[in-house]
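Please look over the sequence and the model shown here. The notes that follow are grouped by topic.

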Amino acid sequence: MTSPAAHLSAVRVPKWAFAVALLGLIVTYLVLQENGLALGASSELLHEFFHDGRHALGVPCH
Amino acid sequence: MITTYRSLALRGIAAGGIAGAASALVQLLVTEIPIRAALAVEEAREPAAGEGHSHGEEELVSRGAQVVGGMLGVIIVGIAVGLVFATAYALSKRWFTDRTPFSRSLALGAAVFGAVALLPWIKYPGNPPAVGDPETVNYRTALYLGVVAAGLVIVWGASWLAERLRTLTQPVRVTAVLLAVVAAVAVVLLAFPAPPDTIPADMPVTVLWQFRLSSLAQLATLHVGLGVVFGLLIDPATRRSKAAQTAAVA
């Protein structure tokens with residue numbers, strides 16, 4: 001039987017936690033996926049700058 | 001004992017930064033070797049028109065900047081994933097509830113690695129420069145994100161199933177959950193279409209696989225490393241054992 005341990009019930013998650021998590025996902029998107037959808041022309045600079053990281057983390061690239 | 005979301009999130013940032021830095025180090029020392037070899041393959045081709053991507057003379061960003069930028073990107077991704085990880089950890093109500101914070105964090109890190117790195121790596125292994133066809137990049141990205149989403153659903157479903165089956169004995173329950181995960185992974189691998197691109201003939205197989213394995217090592221460093229470091233930072237037992245060690249040394 002699993003009974004929720006004390007440390008589980010102790011953590012109260014505020015609403016803004018979801019905004020924080022969303023921010024994390026958006027940053028991940030900008031670094032790994034941005035192909036011009038959100039930033040337009042300047043995205044190519046971003047794309048080229050993070051180029052090796054995108055490849056290395058296995059994200060589809062050009 | 002950590003009781004606020006804020007302190008968990010800060011530790012997520014720290015753990016993500018550390019795991020990201022370790023992954024960036026793997027990139028510098030390991031993954032850059034096959035990337036350099038692949039760029040040499042690309043340069044050996046005649047300046048193909050319409051590549052849509054510049055590694056050569058008319059480059060937007062120099063090679064040196066790409067190496068540094070790539071490492072920086074991995075660290076930033078580490079921090080961002082750390083934030084999402086800490087939030088998922090804070091929200092988890094049924095994730096190995098009978099274990100210590102360190103074990104829970106390590107198990108979550110391993111599960112995230114399986115869902116967002118290993119599963120897509122098996123279905124759509126990453127490619128070094130000079131392989132991808134720019135024409136298909138959006139299609140490939142959609143497939144990749146689809147597999148990542150499917151992987152996360154499998155992880156969530158496994159914890160849901162484990163909770164539902166809690167009346168069973170532990171060995172039976174673990175076996176049932178494992179069988180369900182294997183079945184779900186098999187369905188995902190069969191249901192998603194094959195990778196659309198063929199590997200160009202001038203790309204040596206050794207370079208290709210050296211790159212893919214380096215990439216997997218980097219992803220494991222990032223995600224499992226995040227689980228380990230986050231676990232170390234949140235588990236009160238870390239400090240207690242440290243204190244005991246100093247006492248033993250003294």
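**Briefing on the two-chain model**

Ala115(B) lies in helix H3 (residues 101-123) of chain B; helices (H or I, at least four residues) and strands (E, at least two) are DSSP runs, numbered from the N terminus. This is a predicted model, in which local features need pLDDT of at least 70 and side-chain atom pairs count only at pLDDT 80 or more, while totals for chains, interfaces and linings use all residues. Residues are numbered from 1 along each chain as its sequence is written, and chains are lettered from A and ligands numbered from 1 in the order in which they are written.

**Two alanines of chain B**

- Ala115(B) counts as buried because it has 23 C-beta neighbours inside 10 Å; buried stands for 20 or more other C-beta atoms within 10 Å of a residue's own, exposed for 12 or fewer, and partly exposed for values in between, with C-beta atoms placed from the backbone.
- Leaving aside residues up to four places away in sequence, Ala115(B) touches Gly151(B), Leu152(B), Ile154(B) and Val155(B), where contact is defined as C-beta atoms, placed from the backbone, within 7 Å.
- Between Ala115(B) and Val153(B), 38 residues apart along the chain, the C-alpha separation is 8.5 Å.
- Ala201(B) sits in the loop between helix H5 (170-191) and helix H6 (205-234) of chain B.
- Ala201(B) counts as exposed because it has 6 C-beta neighbours inside 10 Å.
- The C-alpha atoms of Ala201(B) and Val131(B) are 9.7 Å apart, and the two residues are 70 residues apart along the chain.

**Helix H6 of chain B**

- H6(B) has 30 residues and spans 43 Å from its first C-alpha to its last, close to the 44 Å expected at 1.5 Å a residue; the expected span is 1.5 Å times one less than the number of residues.
- H6(B) has a kink of about 30 degrees centred on Gly225(B), the bend being the angle between axes fitted to the seven residues ending at a residue and the seven starting there.

**Chain A**

- Chain A has 4 helices and 0 strands, and its elements run α-α-α-α from the N terminus on.
- Of the 62 residues of chain A, 32% count as buried.

**Contact between the chains**

- Chain A brings 38 residues to the contact and chain B brings 49 residues.
- On the side of chain A that touches chain B, helix H1 (6-10), helix H2 (16-32), helix H3 (43-49) and helix H4 (51-56) each supply at least two residues.
- H2(A) gives the most to that side, with 10 residues.
- By class, the side of chain A that touches chain B has 24 nonpolar, 10 polar and 4 charged residues; Ala, Val, Leu, Ile, Met, Phe, Trp, Tyr, Cys and Pro count as nonpolar, Asp, Glu, Lys and Arg as charged, and the others, Gly among them, as polar.
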